[in-house]
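Student: Please walk me through this structure, beginning with a single residue.

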Amino acid sequence: MNNSIVMYRLPHEKHYTIMRQCDGGAEILPSYTALNGKTGFVFSPFMISGKHPLLLIRPDEIKICRISDSEELDSLAFFGRDVDNEHRQYEADFNKFHSRLNRGEFRKIVLARNCEETACEKILPEQIFKRVCHMYPNEFVALISTPYSGTWLMATPEILVEGSGEEWHTVALAGTKRINIEDESEVSKIRSQEVSDVWDDKNIHEQQYVAHYIRKCLCGFTKDINEIKPQTLVAGRLMHIVTHFSFKLKSDRIGRLVEALHPTPAVCGLPKENAYKFILDNESGDREYYSGFSGPVDHDGATHLFVTLRCMQIEGKCCRLYAGGGLLSESTLETEWLETEAKMDTMRRCLAIKRI
């Protein structure tokens, strides 16, 4: 495949956009500041490298498509997983990371893992994308395919930065709990409760670290910042703690702001540079484009960049699912393992997996 293509649906929208670059794989950008003045769709890895470059898909062709009223997908037959081996690898990583927290080297650090799911027949990414749009109407959904990155599908709730002109918005999102409530009125009750009535201290502290980091970054660019107190965000069958920040900034400085923000403590840790290096040197799996960011840049005058979470890489019959969680000194192995499983279930549900 020589061309690059993306299909994406912004949260709450009733249509999705297809954007295609026709001449070449995608534009490789040297840095985040190179985003200034660009138009298209950006796909960033966790760390820019020769193997995983920062990509921009130019909008040579654009098509807007309506999301159909229903998108049924038959169950797909998948082989079984070696859960015991996955757990052993995660336990080894957890112990390595957690020991550094206990020594006081980090206040928080994020540990990620991946898991392969293998189907009995070739997976059709476009079909899965349309199903995801129906299952997660409040998330940013994107299917991205380039010669450099391969094919990725995501349904992420986390905004990195979005806006237009001088009006911008970002969030501090962290903490995770499963939720099995389908009734919207019950969900609304949870959203309206005080964070301290819904969440334990570990999750509250984890989110506070992210909020403090975002606040400090923004203060380096602007003094015109409006912050809304933390609240509960429901995303599919998970909920998180979120703080919203709105601020004023000239659009030609967004590349530098992205450079300052990414990676946030929600996907990395604190102190940032030390955690970043430790993750790259010690995490057993390669994150590739997981926990990077993606979204349209200056398309129709607006930019919407989201952290690449709740995602999987698709190649033939194989799906590689990614998830991570923020560790603090009080974190426990089983709780964190179950959190990564809950996050991976976001994509597993979309695959309608039937084990053989």
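Student: Where is His12 found?

Tutor: His12 sits in the loop between strand 1 (4–9) and strand 2 (15–21). Strands (E, at least two residues) and helices (H or I, at least four) are DSSP runs, numbered from the N terminus. The model is predicted, with local features needing pLDDT of at least 70 and side-chain atom pairs pLDDT 80 or more, while totals for chains, interfaces and linings use all residues. Residues are numbered from 1 along each chain as its sequence is written, and side-chain values use heavy atoms, without hydrogens and water.

Student: What is the phi of His12?

Tutor: His12 is not a glycine, yet its phi is positive, about 75 degrees. Most residues other than glycine have a negative phi.

Student: Is His12 buried or exposed?

Tutor: His12 is exposed, with a relative accessible area of 57%. Buried means under 20%, exposed over 50%, and partly exposed in between, with a 1.4 Å probe and protein chains only.

Student: Which loop holds Asp298?

Tutor: Asp298 belongs to the loop between strand 17 (293–297) and strand 18 (303–307). Its phi is also positive, near 50 degrees, and Asp298 is partly exposed at 38% relative accessible area.

Student: Now the peptide bonds. Which residues does a cis bond with omega of about -5 degrees join?

Tutor: His262 and Pro263 are joined by such a bond. Pro263 is in the loop between helix 6 and strand 16 (269–270). The bond from Leu270 to Pro271 is cis as well, with omega near -5 degrees, and Pro271 lies in the loop between strand 16 and helix 7 (272–282).

Student: On to helix 6. At what angle do helix 5 and helix 6 pack?

Tutor: Helix 5 (residues 201–219) and helix 6 (residues 254–261) pack at about 145 degrees, their axes 10 Å apart. Axes are lines fitted to C-alpha atoms, for helices over the stretch in contact, and angles run from 0 to 180 degrees between N-to-C directions.

Student: Which residues make the contact?

Tutor: Helix 5 supplies Tyr213, Ile214, Cys217 and Leu218, and helix 6 supplies Leu257, Ala260 and Leu261; contact means heavy atoms within 4.5 Å.

Student: Finally, how many helices and strands are in the chain?

Tutor: The protein chain has eight helices and 21 strands. Its radius of gyration is 19 Å, close to the 21 Å that the globule rule gives for 356 residues, so the chain is as compact as a globular protein of that length. This radius is taken over C-alpha atoms, and the rule is 2.2 Å times the number of residues to the power 0.38.
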